[in-house]
Amino acid sequence: MTLDNRVKRSAWREPMVWLVAAIPAAAVVATIALLVTATRSSGNNDLVADEVQRTAQVQVADLGPDAAAQQLQLSAVVRTGKGIVEVLPVDGGFDRNASLVLALHHPARAALDRDIALLPVKTGWRSDGEIDVSHDWNVELRPADGAWRLRGRWSSGQQATYLRPALAGE
């Protein structure tokens with residue numbers, strides 16, 4: 001058989017044509033899948049629950065409550081068990097008659113976040129209920145007016161955690 005007598009095949013039967021078409025098509029499909037995944041993520045995906053001001057690429061948070069807690073030299077222990085959540089003051093000038101708010105922020109799922117109102121008792125502050133210690137929590141303690149705040153990390157399986165100003169040690 002000579003070159004002129006060969007049977008002509010369609011271009012679509014050549015593997016190289018499929019390769020040239022398949023690579024850009026796969027890139028387009030992957031891009032669309034990535035965009036769909038990114039737009040379906042739920043709400044705020046910041047790791048910190050602070051209110052921030054955004055200016056261009058810079059995020060600015062109010063550190064006033066942290067500075068106030070540092071100035072008052074506040075620290076506390078939060079514990080749970082036997083149907084109660086209890087805050088015990090360790091150091092500083094707490095207003096022992098004011099109620100407090102304990103904010104629990106799940107590190108990955110904002111739907112699990114919750115606030116617990118704590119009322120003053122003889123030893124500190126207390127509320128009925130328990131904290132799910134099967135996973136970690138980012139913990140924030142503050143008065144109702146938000147004048148100061150203490151922060152800490154509650155490790156999974158622990159019955160208590162220590163809270164202190166976020167600016168401590170700076």
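Two strands count as paired if DSSP finds at least two bridges between them, and the strands themselves are DSSP runs (E, at least two residues) numbered from the N terminus. With that in hand, here's the sheet.

This is a predicted model, where local features need pLDDT of at least 70, side-chain atom pairs count only at pLDDT 80 or more, and totals for chains, interfaces and linings use all residues. Residues are numbered from 1 along each chain as its sequence is written, and side-chain values use heavy atoms, leaving out hydrogens and water.

Eight strands make an open sheet with antiparallel pairing, in the order β9-β8-β5-β6-β7-β4-β3-β10. β9 and β10 (160–163) are the edges, each pairing on one side only.

Here are some of the pairings:

| Strand pair | Sense | Bridges |
|---|---|---|
| β5 and β6 | antiparallel | five bridges |
| β6 and β7 | antiparallel | three bridges |
| β4 and β7 | antiparallel | four bridges |

β6 and β7 form a hairpin with two residues between them, and Val121 has Gly124 in β7 as its bridge partner. Elsewhere, Val101 bridges to Ala117 in β6, while Ile84 sits opposite Asp128 in β7.

Beyond its neighbours within four places in sequence, Leu118 is in contact (heavy atoms within 4.5 Å) with residues including Val85, Leu102, Trp125 and Leu141.
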